[in-house]
Amino acid sequence: MEGKLKKELGTAMLKSTGHSGGGCISEGQSYDTDTGRVFVKINHKSEAKLMFDGEMASLEAILKTETVKVPKPVKVVELDTGGCVFVMEHLDMRGLTKYSKHLGEQLADLHVHNKRQLDTFNKEHQTVGKGAGQSELAVVEKFGFRVPTCCGYLPQENEWQDDWVTFYSQQRLQHQLNMVEKSYGDREAIELWAQLQLKIPQFFKDVEIVPALLHGDLWGGNVAQCAMGPVIFDPASFYGHSEYELGIAGMFGGFNSSFYSAYHDKIPQAPGFAKRNQLYQLFHYLNHWNHFGGGYRGSSISIMKNLLK
Ligand SMILES: Nc1ncnc2c1ncn2[C@@H]1O[C@H](COP(=O)(O)OP(=O)(O)OP(=O)(O)O)[C@@H](O)[C@H]1O
């Protein structure tokens with residue numbers, strides 16, 4: 001692997017720093033190169049290339065917004081022995097403590113970034129005397145992403161869709177329930193889902209949803225801080241409802257009240273937030289069930305029952 005990495009990175013030096021950082025999905029290792037320190041994620045699964053291509057595209061998209069710090073992606077390299085590595089900027093990260101508030105503010109900035117671009121774009125097009133096409137702004141008017149991204153190692157269906165409720169019901173929940181049915185044939189889950197899907201539009205009455213660029217897997221293990229501020233990493237991005245991001249954030253801890261109040265100062269909670277938050281957590285419980293097995297069945301079933309009350 002190291003020979004191939006040297007060639008692909010065009011570096012004579014490739015010296016392991018001894019810093020390793022394995023997650024649940026991939027192994028990680030840092031190296032010093034001719035042009036600086038990099039962090040390399042290694043995965044031997046057949047889906048590794050798709051997973052890392054999605055992570056690279058996600059980091060590039062977040063980086064472009066200049067709102068919240070992420071590691072700069074460098075390259076996805078396929079290994080001759082099978083599997084793949086993803087090279088990115090190494091960051092010295094510690095647990096998120098003093099920069100929680102900053103993360104709340106910056107995450108909200110990330111979420112409103114596309115709306116601001118859209119507003120500017122629309123304003124320019126309405127200005128008398130100015131022709132159309134003045135702006136080079138990248139604006140996104142649909143829900144989805146340009147490539148599949150993986151929340152864990154399972155690819156998400158990111159095909160572009162005009163309507164958020166359809167996107168979330170079909171491309172997120174239905175997709176997970178299909179896997180549950182295939183792997184476990186769970187009758188109770190399938191019956192609950194048949195009822196719940198009819199109710200979903202009710203959770204979105206009078207809510208305006210503008211596509212927001214999301215990190216997509218913002219649990220406490222994917223946030224940290226560097227010397228100068230917060231950092232988020234390991235994204236599974238797509239354009240979706242900003243509230244979706246707060247689903248997994250609330251599931252495993254790691255975010256304190258200063259994070260939430262800074263976030264909601266910029267993006268206030270809309271009516272019906274609490275129910276939708278459960279609906280968004282449902283995706284992650286199902287996704288965990290499909291990744292890690294029956295330990296997550298109970299939470300998935302009880303959240304569906306709750307939403308049906
Ligand atoms: N750019 C980086 N620089 C330095 N260390 C990093 C970097 N990215 C990740 N790490 C370290 O590696 C650990 C695992 O990273 P990451 O979450 O991306 O891996 P993963 O296998 O996709 O994990 P999971 O899916 O379980 O969240 C992080 O908790 C962190 O300690």
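1. Strands β2 and β3 run antiparallel, joined by seven bridges. Two residues separate them, and together they form a hairpin. In β3, Ile-42 is the bridge partner of Glu-27. Strands here are DSSP runs of E with at least two residues, helices are runs of H or I with at least four, and both are numbered from the N terminus. Two strands count as paired if DSSP finds at least two bridges between them.

2. On the source: this is a predicted model, where local features need pLDDT of at least 70, side-chain atom pairs count only at pLDDT 80 or more, and totals for chains, interfaces and linings use all residues. Residues are numbered from 1 along each chain as its sequence is written, and side-chain values use heavy atoms, with hydrogens and water left out.

3. Other pairings follow. β1 and β2 (residues 27-33) run antiparallel and are joined by four bridges. Thr-33 in β2 is the bridge partner of Leu-14. Six bridges pair β3 with β5 in the antiparallel sense. There, Phe-39 has Met-88 of β5 as its bridge partner.

4. β3 is largely enclosed by the rest of the structure, because six of its eight residues are buried. Buried means under 20% relative accessible area, with a 1.4 Å probe and protein chains only.

5. Angles run from 0 to 180 degrees between N-to-C directions; axes are lines fitted to C-alpha atoms, for helices over the stretch in contact.

6. Now a helix pair. α4 (residues 164-184) packs with α8 (residues 273-292) at an angle of about 30°, their axes 10 Å apart. Therefore α4 is roughly parallel to α8 (angles under 35 degrees count as such).

7. Which residues in α4 meet α8? Among them are Trp-164, Tyr-168, Leu-173 and Tyr-184, while the α8 side includes Phe-283 and Trp-289. Contact means heavy atoms within 4.5 Å.

Definitions and conventions
Angles under 35 degrees count as roughly parallel, over 145 as roughly antiparallel, 65 to 115 as roughly perpendicular and the rest as oblique. Buried means under 20% relative accessible area, exposed over 50%, partly exposed in between (1.4 Å probe, protein chains only).
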